[in-house]
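Please read the following walk through the model with the sequence and the coordinates open side by side.

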Amino acid sequence: MALQLFKIQSIEVASQASSVAFSNIPQGYTDLKLVGSVRSAVGNIGDFIYYYLNTPGTGAYTQRLIRGDGSSISSQANSVSYYPLQFVNGSGSTANTFGSFELYIPNYTGNAQKSFSVDILSENNSSGAYMDLQVGLWNQTAAITGMTLASGSGLYVANSTFTLYGVL
Amino acid sequence: MAAKTGTYTLINSTTLTTSTANITFSSIPATYTDLRVVTSARSDAGDRVSSYYFDLNGLTTSIYSRTNLTGNGTSASSANAASQGLGQIGTITGSVSTSGIFPVNTMDIFDYSNSTTFKTVLSRTNLEQPTAGFEVGAYVNLVQTTNAINSIKFYCVGNFVSGSNFKLYGIEAGNL
């Protein structure tokens with residue numbers, strides 16, 4: 001049986017970096033899956049990521065999420081020029097803890113607006129952690145050829161990793 | 001026993017070119033460990049939000065129960081339903097929705113081919129669109145059949161429209 005989940009590229013931050021980018025994404029897959037293990041250098045418990053498709057600043061994003069923080073649940077909607085991947089662990093969280101996320105974009109080469117699913121969490125064995133189920137919508141119909149993830153605080157710490165898979 | 005390969009394999013996929021009432025993946029091989037379904041679907045129901053259902057093995061008796069956790073951007077809620085004739089995946093857009101929006105929904109059925117346990121289906125629903133009609137969250141369905149799963153049928157209110165896409169993957173665990 002052929003393997004149909006292909007690692008396109010993996011980026012591991014060797015020293016602090018402000019952003020990572022995937023460019024020239026091959027167009028031969030059906031869906032994309034982005035997985036991250038991330039910690040930022042900001043002095044808060046949690047931090048967010050500015051997520052862009054193709055050229056940053058192109059199009060608009062809407063986000064709807066449901067969130068649990070260990071004591072309550074809530075729902076939130078956002079409409080901005082970037083997609084806020086929130087939250088991953090910041091430097092104020094327990095040492096050596098990294099937030100995780102999975103972002104899935106089906107039919108990324110198609111000519112419809114791009115709807116995507118995000119599961120993200122920032123557990124750190126203390127207070128201030130969040131777990132979200134999110135949906136994003138990018139209002140552009142172009143095929144996805146690139147992604148940029150910029151740290152909301154300004155810097156990712158070393159060992160933060162981002163892996164992009166193509167799915168047939 | 002053949003060596004496990006630890007693969008993620010596309011078993012079947014379909015993209016509609018005309019409106020269709022139901023989609024069925026049948027003759028699902030029993031050779032994988034888990035199943036994953038990924039859909040981008042839209043209905044022609046006269047609404048912004050259309051419920052999205054499934055059955056397993058063609059069973060439509062009251063063997064489905066579910067609990068969900070969802071949010072609409074303003075509030076979060078949870079609900080459950082017992083003794084249903086279909087399972088629910090979540091929601092999709094309808095004919096009143098902005099054109100060109102096909103929300104992504106996923107389903108996971110772990111250990112689908114065993115003939116011992118009832119089956120649990122985990123789904124994620126992601127309905128985002130301009131103006132109105134939103135749902136983000138997760139559903140868990142219990143399907144009270146111990147039979148191995150060999151088919152999955154998808155339903156919506158009305159028909160699925162052209163451009164709706166359905167993909168079924170088999171995931172085979174590797175050897176430790």
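Between chain B and chain A, 18 residue pairs are in polar contact, counting those with both residues at pLDDT 80 or more, a confidence threshold that applies because this is a predicted model rather than an experimental one. On the side of chain B that touches chain A, at least two residues come from each of the strands β1 (8–15), β3 (34–40), β5 (64–71), β9 (119–127), β10 (135–143) and β12 (165–171) of chain B.

The extent of the contact can be described in residues and in area. Chain B contributes 37 residues and chain A contributes 34 residues, and together the two chains bury about 2,600 Å², of which 61% lies on carbon and sulfur atoms. Of the area that chain B buries against chain A, 24% is supplied by Tyr8(B), Arg124(B) and Glu128(B), which is more than any other three residues supply. Three salt bridges are counted between chain B and chain A; Arg124(B) takes part in a salt bridge with Asp119(A), where the closest N and O atoms are 2.7 Å apart.

Aromatic pairing is the next topic, and over all chains the count comes to 19 aromatic pairs. In the pair formed by Tyr52(B) and Phe160(B), the ring centres are 5.8 Å apart and the planes stand at 75°, so the arrangement is edge-to-face. This pair links distant parts of the chain, since Tyr52(B) belongs to strand β4 (residues 50–56) of chain B and Phe160(B) to strand β11 (residues 152–160) of chain B, 108 residues apart. Tyr52(B) is buried, because its relative accessible area is 0%, and Phe160(B) likewise counts as buried at 0% relative accessibility. Tyr52(B) and Phe160(B) belong to one aromatic cluster that also includes Phe25(B), Phe154(B) and Phe166(B).

Is Thr93(B) buried or exposed? Thr93(B) lies in the loop between β7 (87–92) and β8 (104–110) of chain B, and its relative accessibility is 0%, so Thr93(B) counts as buried. The side chain of Thr93(B) reaches the backbone oxygen of Ile101(B) at 3.0 Å. When neighbours within four places in sequence are left aside, the residues in contact with Thr93(B) include Ala41(B), Arg42(B), Ser43(B), Arg48(B) and Ser50(B), as well as Ile101(B), Pro103(B), Leu127(B) and Gln129(B).

Note on methods. Residues are numbered from 1 along each chain as its sequence is written. Chains are lettered from A and ligands numbered from 1 in the order in which they are written. This is a predicted model: local features need pLDDT of at least 70, side-chain atom pairs count only at pLDDT 80 or more; totals for chains, interfaces and linings use all residues. Side-chain values use heavy atoms; hydrogens and water are left out. Helices (H or I, at least four residues) and strands (E, at least two) are DSSP runs, numbered from the N terminus. Buried means under 20% relative accessible area, exposed over 50%, partly exposed in between (1.4 Å probe, protein chains only). A polar contact is a pair of N or O atoms within 3.5 Å; within protein, one must be able to donate a hydrogen and the other to accept it, and residues adjacent in sequence count only if both atoms are side-chain atoms. Contact means heavy atoms within 4.5 Å. Buried area is the accessible area (1.4 Å probe) that two parts lose on being put together, summed over both. A salt bridge is a side-chain nitrogen of Lys or Arg within 4 Å of a carboxyl oxygen of Asp or Glu. Rings of Phe, Tyr and Trp (its six-membered ring) pair if their centres lie within 6.5 Å; planes under 30 degrees apart count as stacked, over 60 as edge-to-face and the rest as tilted.
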